[in-house]
Amino acid sequence: MTGIAVVGTPGDRRVTMFADACARQGLEEPAVVPWTSVLRGEEIGIEPETLVRIDSPGEDAEADALLRGPGEPSRIGGGARWHAGFVAGAARVGRAVAATPGAVLLADVEDVSVMFDKRRCHARLSAAGVPVPPALAGPVGGYAELRERMDEARWGRVFVKPAHGSSASGIIALHASGRRVRAVTSAELASGELHNSLRLRCYENEPDLAVIVDLLAADGLHVERWFPKASLGGRAIDLRVVVVDGTPTHAVVRAGRGPMTNLHLGGVRGDLGAVTAGLGPRGWERALEICARTAARFPGSLAVGVDLMIGVDWREFAVAEVNAFGDLLPRLEGLPGGGAEGLDTYGAQVRAILARHAPAREGRGRCVT
Ligand SMILES: Nc1ncnc2c1ncn2[C@@H]1O[C@H](COP(=O)(O)OP(=O)(O)O)[C@@H](O)[C@H]1O
Ligand SMILES: [Mg+2]
């Protein structure tokens, strides 16, 4: 059996869950290439014939420090540096794979780079006719410019997103009318610094908001019109749909207490049956078709996680973002009829890898750094 190697953080859940999925399908345990070693510039040793998966470094503090520079991991900022370092690291892995006979990279560095830039991701989807909320074009340099551009667009409600953010870090759901503002965010401003917190706060003081937006703008902003989302039981919802090798295989409803639905901010897994019933068979089919079309814009990526919003009318859809590493959904089984019934998101990917690379099954690749 050809070996698989994973670029990740040793011991991290993503790595162990993927390894479990490999074991369940009779594969050897994948070798792990630590992100920290890639980011330190150490040599990347790959055995011939290895299939190389790039995963997220997860919450690893050392990888974070190598990417954003030293500092408190909970701080917000450094997204542009994170992105440049991450893409350079992934590209180095790509070159090492290309230089190894028979080795295959199970990812596309340019796809990953675009998915981690919400401006470029939005532009790629929009150009392909995938429904996305309208966005302000061009750079938004700070709070004053944000308000001017909102006035020009006649938008009173927007989502301000750090271009390279994830996990709702630094995202602001903003309602503004003249000097009256209401900004919901998990960012906490203390002593002129921004930190992520696990609860949503509401800022109504405009000077504070201006400081926050100006701090965030240093790393680039993507600003979208607020898309009013459907709700269930009084909670705004969206869907995370994992698309594996072109097919939407897993979906989870995320129901938030506030305007963001991210699970670590108090969002909970909602009732998928209620959502499919609310959409009706044709609406549900359309939702999955939009996710498949979204994933098709990232053809070099084995799996992507699409954040799909459903409009308050339960008819309209809009893609909030595409996650390169949106597959960490423990214990979630495949959708009925999606072809991955009984498999988790990692199991579905291992099966897809085997289907693509089956002829090379009898090998022995191992990977060490
Ligand atoms: N334009 C929008 N209108 C309404 N809600 C949005 C919009 N964009 C994002 N959201 C909500 O905000 C949350 C985080 O946004 P997302 O773009 O997925 O960023 P992140 O990478 O931080 O998860 C999601 O739960 C989504 O439902
Ligand atoms: Mg998201």
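**Strands, a sheet and a ligand shell**

Colleague: In β16, alanine 318 is the bridge partner of methionine 309. What makes β15 and β16 count as joined strands?

Modeller: This is a predicted model; local features need pLDDT of at least 70, side-chain atom pairs count only at pLDDT 80 or more, and totals for chains, interfaces and linings use all residues. Residues are numbered from 1 along each chain as its sequence is written, while chains are lettered from A and ligands numbered from 1 in the order in which they are written.

Modeller: Now the strands. Strands are DSSP runs of E with at least two residues, helices are runs of H or I with at least four, and both are numbered from the N terminus. Two strands pair if DSSP finds at least two bridges between them. Six bridges join β15 to β16 (residues 317–323), so the two pair, and they run antiparallel.

Colleague: What stands out in the hairpin of β15 and β16?

Modeller: Six residues lie between the strands, and tryptophan 314 takes a positive phi near 60° there.

Colleague: Which way do β12 and β15 run, and how many bridges join them?

Modeller: Seven bridges join β12 (residues 235–244) to β15, and the two run antiparallel. Valine 242 of that pair stands opposite glycine 305 in β15.

Colleague: What makes β2 and β5 edge strands?

Modeller: The open sheet has four strands in the order β2-β1-β4-β5, with parallel pairing. β2 (31–34) and β5 (104–105) each have a single partner strand, so one side of each has no neighbour in the sheet.

Colleague: How many bridges join β1 to β2?

Modeller: Four bridges join β1 (residues 4–8) to β2. Alanine 5 stands opposite alanine 31 in β2.

Colleague: Which residues come nearest to ligand 1?

Modeller: Glu224, Phe227, Thr261, Ala320 and Glu321 come nearest, out of 21 around ligand 1. Near means a C-beta atom, placed from the backbone, within 6 Å.

Colleague: Why is ligand 1 said to lie between domain 2 and domain 3?

Modeller: Domain 2 (143–225) and domain 3 (229–323) both give residues to its shell, so ligand 1 lies between them. The bounds come from an automatic or database domain assignment.
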